[in-house]
Amino acid sequence: MPRGDLFPDIAPYETGFLPLSSGHVMYWEQVGNPRGQPVLFLHGGPGAGAGAVHRRFFDPQHWRVIIFDQRGAGRSRPFGELRDNTTPHLVRDIEVLRQFLGIEDWLLFGGSWGSTLALAYAQEHPNRVLGCVLRGVFLGRRDEVVWFLDGLRRVFPDAWAAFSEHLPPEERGDLLGAYLRRLCDPDPAVHLPAARAWSQYEGSCSTLLPSPETVASFAQDRTALGLARIEAHYFAHDLFLPPEGLLGRMDRLAGMPAEIVQGRYDMVCPATTAFELAAAWPSARLTVIPDAGHSALEPGLRTALVSAVERFRRR
């Protein structure tokens, strides 16, 4: 997939591991201009981890880009750990990182679960957030989880069949519970096949057109296990969000600027959610990409996301 509209590959100028609570250790890195405007990248999943391509949404001459792997994900340790792994923990971790790096405030950039975490953090610490760039909005509501686990079969019946048929027939009435049991089983012969089935299902539904490259990246053992185990854990606990949900706290973001970029044919996080968020956020600008699904690396989405970041640069 050509990615010429992203900025060139760049290595971090600083990396580290930051001790957190309950034995968790966060991997973090900084990229770009050490004296630039800070922007925090929030990866999806939960559990997917960040990668080198995520550095490329930002002009390294202007932005001081901070990227980290959330608890249990990517290069953070211990990998796949669910103990004390909740949304409030992640929000506190972001504050620990901000204070450790000596940053006063920053722009937030997040897609899918990254948009959920960005909203949760911004609502808890609005005075630390300059604005948000969000993609493929996910608000963590029960109907959104049900859509992922079951509703997607209406559009991707073949992918859903492979996902459900990994389980014996008698367990298919509770896909989430059955998968979570397998994903938490200590035996790799049990948890790795379940992780691949879950992750390949998500990868198969993430692009407008079939993308073997995307599915292959989702199928890698470490990526699959982090994504599937942590995602199932969060889904089973309503994403550890407040009872009123994120939309119930939008008054805390009144006047905060935001760019919402949404693929029209996003099947993982359907567009209706982005429209609901934009309706509750008058200071947000919604851009719908007519020929894109969920993946941030689809041509229309990545171009729109770079443009959205550039608009914040000019503010």
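**Figure 1. Overall view of the protein chain.** The secondary structure of the protein chain comprises 10 helices and 8 strands, where helices (H or I, at least four residues) and strands (E, at least two) are DSSP runs numbered from the N terminus. The radius of gyration is 18 Å, close to the 20 Å given by the globule rule for 315 residues, so the chain is as compact as a globular protein of that length; the radius is taken over C-alpha atoms, and the rule is 2.2 Å times the number of residues to the power 0.38. This is a predicted model, in which local features need pLDDT of at least 70 and side-chain atom pairs count only at pLDDT 80 or more, while totals for chains, interfaces and linings use all residues. Residues are numbered from 1 along each chain as its sequence is written, and side-chain values use heavy atoms, with hydrogens and water left out. Of the 315 residues, 60% count as buried, meaning under 20% relative accessible area, with exposed over 50% and partly exposed in between (1.4 Å probe, protein chains only).

**Figure 2. Close-up of the aromatic pair Phe148 and Phe235**. The structure holds 17 aromatic pairs; rings of Phe, Tyr and Trp (its six-membered ring) pair if their centres lie within 6.5 Å, and planes under 30 degrees apart count as stacked, over 60 as edge-to-face and the rest as tilted. The ring centres of Phe148 and Phe235 are 5.7 Å apart and their planes stand at 70°, so this pair is edge-to-face. Distant parts of the chain are linked here, since Phe148 belongs to helix H3 (residues 142-149) and Phe235 to helix H8 (residues 221-236), 87 residues apart. Both Phe148 and Phe235 are buried.

**Figure 3. Close-up of the aromatic pair Phe163 and Tyr179**. With ring centres 4.8 Å apart and planes at 15°, Phe163 and Tyr179 form a stacked pair. Phe163 lies in helix H4 (residues 157-164) and Tyr179 in helix H5 (residues 175-183), so the pair ties together parts 16 residues apart in sequence. Phe163 counts as buried at 0% relative accessibility, and Tyr179 is buried with a relative accessible area of 0%. Phe163 and Tyr179 belong to one aromatic cluster that also includes Phe138, Phe148, Trp198, Tyr201 and Phe235.

**Figure 4. Charged side chains over aromatic rings.** Arg153 lies over the face of Trp160, 3.9 Å from the ring centre. The charged end of Arg222 sits over the ring of Phe79, at 3.9 Å from its centre. A charge sits over a ring if NZ of Lys or CZ of Arg is within 6 Å of the ring centre and within 35 degrees of the ring normal.

Figure 5. Asp266 counts as buried, at 1% relative accessibility. Leaving aside neighbours within four places in sequence, Asp266 is in contact (heavy atoms within 4.5 Å) with Gly136, Ala271, Ala292, Gly293 and His294. A polar atom of the Asp266 side chain lies 3.0 Å from the backbone nitrogen of Val268, and the side chain of Asp266 also reaches the backbone nitrogen of Cys269 at 2.8 Å.

Figure 6. Ala304 counts as buried at 11% relative accessibility. Not counting residues up to four places away in sequence, Ala304 touches Val261 and Ile289. The C-alpha atoms of Ala304 and Glu259 are separated by 9.8 Å, although these residues are 45 residues apart along the chain.

Methods:
A polar contact is a pair of N or O atoms within 3.5 Å; within protein, one must be able to donate a hydrogen and the other to accept it, and residues adjacent in sequence count only if both atoms are side-chain atoms.
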